[in-house]
Amino acid sequence: MSQMHRPLRVAIIGTAARSDYLYGPMLQALPHEVELVAVWGRSESSARRLGESLAAPWYTDLDKLVRETAPEIGIVSVAYGANGEVGLAAVEAGLHVLLETPIAHKLAEADAIIAAAQARGRKIEVAEQFHRRPQEQIKLALIGSGL
C-alpha cells in the first residue's frame with residue numbers, strides 16, 4: 001500500500017518583489033507538491049499586502065508564524081542586504097530554507113546560517129542555478145577532468 005502524499009508546508013519569509021510575482025504564484029501552481037501556509041514581513045503594511053495578494057495569512061512575528069501555521073520550509077525573499085539576517089532567523093525558527101544569492105553578505109553571517117542549520121538538522125538550498133547551464137557544466141567537467 002502506498003503512503004499518502006502530503007504537500008510540503010511552505011512559508012514565504014520576506015516581501016521582496018519576487019515573493020509576489022515569482023514564489024507565490026509558483027507555489028500556488030503546485031498544489032499537490034506544496035502548500036503556501038503563511039507569509040512574513042518586517043512591516044505590517046508589506047506583510048499584509050503580500051498576504052492579501054497571495055490569499056495567505058500574514059505575520060510580522062516569525063516565531064508566531066511557525067507556531068500557528070507549522071511550515072516545514074521557508075523561502076527567504078528579502079531586500080538584498082537582509083539575506084544573512086533573515087536567513088539565520090528562518091533557520092533558527094526551525095525551517096529548512098531556500099535562500100537567494102548571496103546566502104549572506106558577510107562570511108560570518110553565512111557561517112552562522114550553516115552552523116545553525118547543521119545544529120538543527122535543517123537543509124539549506126541557494127536559489128542559484130547558473131552552474132546547471134550546459135556551458136557551465138562543460139567547464140566544470142573540464143576542471144574535474146584535470147585539464
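The legends below describe close-up views of a predicted model.

**View 1**
Strands of a sheet pair through backbone hydrogen bonds, either parallel or antiparallel.

**View 2. Strand 1 beside strand 2.**
Strand 1 (residues 8-13) and strand 2 run parallel and are joined by six bridges. Within this pairing, Ala11 has Ala38 of strand 2 as its bridge partner. Strand 2 (residues 34-40) is mostly covered, as six of its seven residues are buried.

**View 3. Strand 4 beside strand 5, with Leu98.**
Four bridges pair strand 4 (residues 73-76) with strand 5 (residues 96-99) in the parallel sense. Ile75 stands opposite Leu98, a residue of strand 5. Leaving out residues up to four places away in sequence, Leu98 touches Gly74, Ile75 and Val76, and also Tyr23, Glu125, Val126 and Ala127. The C-alpha atom of Leu98 is separated by 14 Å from that of Val34, and the two residues are 64 apart along the chain.

**View 4. The surroundings of Thr69.**
Thr69 belongs to helix 3 (residues 62-69). Its relative accessibility is 6%, so Thr69 counts as buried, the limit being under 20%. A polar atom of the Thr69 side chain lies 2.7 Å from the backbone oxygen of Leu65. Not counting residues up to four places away in sequence, Thr69 touches Arg9, Val37, Ala38 and Tyr59. One of these residues, Ala38, is also the strand 2 bridge partner of Ala11.

**View 5. The salt bridge between Glu72 and Arg6.**
A search of the whole structure finds six salt bridges, and one of them joins Glu72 to Arg6, with the closest N and O atoms 2.9 Å apart. Glu72 lies in the loop between helix 3 and strand 4, whereas Arg6 lies in the segment before strand 1, so the pair ties together parts that are 66 residues apart in sequence. Glu72 counts as partly exposed, at 22% relative accessibility. Side chains of opposite charge can pair when their charged atoms come close.

**View 6. The salt bridge between Glu85 and Arg42.**
The side chains of Glu85 and Arg42 meet in a salt bridge with an N to O distance of 3.5 Å. This pair links distant parts of the chain, 43 residues apart: Glu85 is in helix 4 (residues 83-92), and Arg42 is in the loop between strand 2 and helix 2 (44-54).

**View 7. Glu136 and Lys139 within helix 6.**
Glu136 and Lys139 both lie in helix 6, three residues apart, which is about one turn of the helix. They form a salt bridge whose closest N and O atoms are 2.9 Å apart. Apart from its neighbours within four places in sequence, Glu136 is in contact with Phe130 and His131.

**View 8. A nonpolar patch at the surface.**
Ile138, Leu142 and Leu147 make a nonpolar surface patch of about 360 Å². Leu147 lies in the segment after helix 6 (134-145). With a relative accessible area of 82%, Leu147 is exposed.

**View 9. Gln28 and Leu54.**
Gln28 is placed in helix 1 (residues 17-28). Its relative accessible area is 42%, and Gln28 is therefore partly exposed, a class that lies between the limits of 20% and 50%. Along the chain, Gln28 and Leu54 are 26 residues apart, and their C-alpha atoms are separated by 8.5 Å.

Notes: Residues are numbered from 1 along each chain as its sequence is written. This is a predicted model: local features need pLDDT of at least 70, side-chain atom pairs count only at pLDDT 80 or more; totals for chains, interfaces and linings use all residues. Side-chain values use heavy atoms; hydrogens and water are left out. Patches are made of residues with over 30% relative accessible area and no salt bridge: like charges are joined within 9 Å, nonpolar side chains (Val, Leu, Ile, Met, Phe, Trp, Tyr) within 5 Å. Accessible areas come from the Shrake-Rupley method with a 1.4 Å probe; for residues, only the protein chains shown count as cover. A salt bridge is a side-chain nitrogen of Lys or Arg within 4 Å of a carboxyl oxygen of Asp or Glu. Helices (H or I, at least four residues) and strands (E, at least two) are DSSP runs, numbered from the N terminus. Buried means under 20% relative accessible area, exposed over 50%, partly exposed in between (1.4 Å probe, protein chains only). Contact means heavy atoms within 4.5 Å. A polar contact is a pair of N or O atoms within 3.5 Å; within protein, one must be able to donate a hydrogen and the other to accept it, and residues adjacent in sequence count only if both atoms are side-chain atoms. Two strands pair if DSSP finds at least two bridges between them.
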